[in-house]
Amino acid sequence: MLDDVPRDPFADDPDDPAAALGDSSDLEPLTSDERDEAMTDLADVEVFRSLLEPQGVLGLVLDCPECGEQHYFDWDLLRGNLRQMIEKGRPQVHEPAYQPDPSQYVSWEYARGYVDGVIDTEEHR
């Protein structure tokens, strides 16, 4: 299932900076509620992408609770992270977007509102 997830650029590197995070085998698996939430998020990302990518949106911008900054995720990285979390209990280590253009990313809330608007418009035709 993870064959379409981008390969970890540090795979097999003895100096892998993620080594400090520890072995993923010692992680507790997601609870059924956490797994359901991640699967719902994955389904949402697929819908967001199908409607927003043709409009030129490259992905989502998310507020990071750990560092307080915004992180920009393209669609493939979002999808891969969620699938990795569902299967392994945490997302894979990845490089942040390099000099993203904020105008090409939207928030989760914006994407949800856009989808809701499309659905509402279709229902009222």
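Predicted model: local features only at pLDDT ≥ 70, side-chain atom pairs only at ≥ 80, totals over all residues.
Figure 1. Leaving aside residues up to four places away in sequence, aspartate 44 touches Trp108 and Arg112. Aspartate 44 is found in helix α1. Its relative accessibility is 17%, so aspartate 44 counts as buried, the cut-off for buried being under 20%. Both Trp108 and Arg112 are listed among the α3 residues that meet α1.

**Figure 2. The crossing of helix α1 and helix α3.** Two packed helices are described by the angle between their axes and the distance between the axes. Here helix α1 covers residues 32-52 and helix α3 covers residues 108-123. Their axes come within 10 Å and cross at roughly 70°. Angles of 65 to 115 degrees count as roughly perpendicular, and α1 and α3 are therefore roughly perpendicular to each other. The crossing of α1 and α3 is left-handed.

**Figure 3. Residues in the contact of α1 with α3.** On the α1 side are Asp41, Asp44, Val45, Val47, Phe48, Leu51 and Leu52. They meet Trp108, Tyr110, Ala111, Arg112, Tyr114, Val115 and Val118 in α3. Sorted by type, the residues of this contact are 11 nonpolar, no polar and 3 charged.

**Figure 4. The aromatic pair of phenylalanine 48 and tryptophan 108.** How many aromatic pairs are counted? The count comes to 3 aromatic pairs. One of them joins phenylalanine 48 and tryptophan 108, with the ring centres 5.1 Å apart and 80° between the planes. Planes over 60 degrees apart count as edge-to-face, and this pair is edge-to-face. The pair links distant parts of the chain, since phenylalanine 48 lies in helix α1 and tryptophan 108 in helix α3, 60 residues apart. Is phenylalanine 48 buried or exposed? Phenylalanine 48 has a relative accessible area of 0%, so it is buried. Tryptophan 108, at 21% relative accessibility, counts as partly exposed.

**Figure 5. The aromatic pair of tyrosine 110 and tyrosine 114.** The ring centres of tyrosine 110 and tyrosine 114 are 6.4 Å apart and the planes are at 25°, so the pair is stacked. Both residues lie in helix α3, 4 residues apart, which is about one turn of the helix. Tyrosine 110 has a relative accessible area of 46% and is partly exposed. Tyrosine 114 is also partly exposed, with a relative accessible area of 26%.

**Figure 6. Helix α1 beside helix α2.** Helix α2 spans residues 75-88. The axes of α1 and α2 come within 9 Å and cross at roughly 165°. Angles over 145 degrees count as roughly antiparallel, and α1 and α2 are therefore roughly antiparallel to each other. Their crossing is left-handed. From α1, the contact includes Arg35, Ala38, Met39, Leu42, Arg49 and Leu52. From α2, it includes Trp75, Asp76, Leu78, Arg79, Leu82 and Ile86. The residues of the contact of α1 with α2 divide into 10 nonpolar, no polar and 7 charged. Phe48, one of the α1 residues in this contact, is also listed in the contact with α3.

**Figure 7. The chain as a whole.** The chain has 3 helices and 3 strands. In what order do the elements run from the N terminus on? The order is α-β-β-α-β-α. The chain has 125 residues, of which 26% count as buried. Among contacts between residues at least 6 apart in sequence, 67% join residues at least 24 apart.

Notes
Residues numbered from 1 in each chain as written. Heavy atoms only, no water. Axes fitted to C-alpha atoms, helices over the stretch in contact; angles between N-to-C directions. Helix = DSSP H or I, 4+ residues; strand = E, 2+ residues; numbered from the N terminus. Parallel < 35°, antiparallel > 145°, perpendicular 65-115°, else oblique. Left-handed = near helix turned anticlockwise from the far one by under 90°. Contact = heavy atoms within 4.5 Å. Nonpolar A, V, L, I, M, F, W, Y, C, P; charged D, E, K, R; others polar. Phe/Tyr/Trp six-rings, centres within 6.5 Å; stacked < 30°, edge-to-face > 60°. Buried < 20%, exposed > 50% of the residue type's maximum accessible area, 1.4 Å probe, protein only.
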